[in-house]
Amino acid sequence: MPLRNRHHSVNHFLDLFGDAMKFPLHLESKWGGKRYNSFNRVLKGTFAARVHKVGVRMDFTCPNRDGRVATGGCTYCNNAGHTPRGFHPGMSVKEQLEQGTEAIRRRHRAEKFIAYFQSYTNSYGPVSKLERLYREALDFPGVVGLAIATRPDCVPDDVLDLVAGLARHTYLWLELGLESMHDKTLQWVNRGHGLREFLDAVERSKARRLRVCTHLILGFPTESREEILQTPALLNRMKIDGVKLHNLHVIKNTVLEQIYLSGAFELFGREAYVALAVDFLERLAPEIVIHRLTGETYRELTVAPDWSINKIGVLNAIHEELERRDSWQGKACAERSVMGLERTVQVGTEAVTP
Ligand code: SF4
């Protein structure tokens with residue numbers, strides 16, 4: 001059914017049943033007053049303590065840079081954008097965690113940490129090397145889990161077996177970059193893989209009962225709003241456990257910077273992004289954990305948009321828009337379920353005892 005007609009039907013239903021679609025009290029209480037299933041809340045529920053991620057950068061590269069898949073990398077990529085401050089080449093996992101946890105202890109008084117292998121492709125190497133690095137992180141005092149960011153074409157079975165073995169004893173998220181479900185966009189950004197590789201990686205990861213978080217970028221000029229909003233249904237069907245959303249932003253020293261400065265495309269304004277993020281959340285199953293809703297990097301590396309530097313401002317605007325609509329994550333799933341148009345799917349487990 002076209003989206004407009006479906007909304008008409010939903011509105012007709014709401015006219016008949018009034019308060020049936022108010023923000024459900026059980027979700028309000030489960031989500032701590034937020035209108036979406038936030039990762040912070042899940043961490044608090046799981047560990048009964050403040051838990052912070054600490055970025056770690058190792059000497060990984062990326063098959064999209066070293067020629068195995070392509071050279072040049074994704075057009076938006078500059079790994080300096082998520083390299084921890086104070087990092088210098090040659091630092092061990094332990095040295096980086098000492099530095100990172102100390103800074104977080106001072107600022108946030110957190111005592112528990114998730115070691116976040118974030119820069120480049122963190123499963124691109126021999127299994128013996130990966131195991132040594134992941135275990136070094138897990139052995140660090142206060143580290144209660146791992147987050148491993150990688151590409152869907154870099155998780156062969158032996159790597160997934162290693163990660164699944166670790167996940168039996170620790171709290172672990174495998175973060176798979178998809179960025180867009182549309183191959184035309186993945187080609188536009190020189191991503192070097194398609195949707196097919198993502199579907200395969202998710203299927204093999206879920207078969208090993210891994211928690212999978214998916215990275216997505218909203219706002220590529222190659223996609224219409226309707227195309228972007230096809231993604232939640234795919235994630236719901238795949239039983240993805242977590243999602244990271246961010247707006248398309250342009251970072252210095254990237255191919256995307258050159259394309260953007262040539263005037264070839266425009267970026268979303270803040271209001272348009274906020275509306276789209278809320279539209280996306282409404283269609284996403286409530287069981288999916290929201291790890292991030294906006295993207296930002298260091299101010300000195302940001303070309304545009306200016307508004308994305310103010311992360312708190314964007315988050316507040318998303319919260320306000322959810323309130324204004326009296327909406328919440330999964331509201332559209334619930335409407336479809338109530339009306340018998342489509343069954344709401346049960347997705348993943350959100351808080352597993354570490
Ligand atoms: S896959 Fe990741 S690390 Fe590799 S080029 Fe793309 S964004 Fe950069």
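This is a predicted model: local features need pLDDT of at least 70, side-chain atom pairs count only at pLDDT 80 or more; totals for chains, interfaces and linings use all residues.
**Figure 1. The whole protein.** The fold holds 14 helices and 9 strands. The protein has 354 residues, and 38% of them are buried. Take the contacts with a separation of 6 or more: residues 24 or more positions apart account for 83% of these.

**Figure 2. Helix α8, residues 195-207.** This helix has 13 residues. At 1.5 Å a residue, α8 should span 18 Å, and its end C-alpha atoms are 18 Å apart, so the expectation and the model agree. R209 follows α8 and has a positive phi, near 60°.

Figure 3. Which residues of α8 are buried? They are F198, A201, V202 and S205. Seen down the axis of α8, the buried residues fall within an arc of 100°, so they line one face of the helix. The spacing follows a general rule. An α-helix has 3.6 residues a turn, so residues three or four places apart point the same way. The face of α8 turned away from the buried side carries the exposed residues R196, E203 and A207.

**Figure 4. The nonpolar cores.** The largest nonpolar core has 74 residues. Among its members, A115, A137, L146 and A277 touch the most others. Leaving out residues up to four places away in sequence, A115 touches V54, V56, L97, A137, F140, V143 and L146. A second, separate core has 9 residues, including Y76, C77, L256 and Y260. In soluble globular proteins, nonpolar side chains tend to be buried together.

**Figure 5. L293, a loop residue.** L293 sits in the loop between β8 (289-292) and β9 (302-304). Is L293 buried or exposed? L293 has 24 other C-beta atoms within 10 Å, and 20 or more count as buried, so L293 is buried. Which residues does L293 touch, not counting those up to four places away in sequence? They are L245, A277, L315 and I318. L245 lies 48 residues from L293 along the chain, yet their C-alpha atoms are separated by 4.8 Å. A277, another of these partners, is one of the residues that touch the most other members of the largest nonpolar core.

Methods. Residues are numbered from 1 along each chain as its sequence is written. Helices (H or I, at least four residues) and strands (E, at least two) are DSSP runs, numbered from the N terminus. A residue is buried if 20 or more other C-beta atoms lie within 10 Å of its own, exposed if 12 or fewer, and partly exposed in between; C-beta atoms are placed from the backbone. Two residues are in contact if their C-beta atoms, placed from the backbone, lie within 7 Å. The expected span of a helix is 1.5 Å times one less than its number of residues. The arc is that of the directions from the helix axis to the C-beta atoms. A nonpolar core is a set of buried Ala, Val, Leu, Ile, Met, Phe, Trp, Tyr and Cys residues joined through C-beta atoms within 7 Å.
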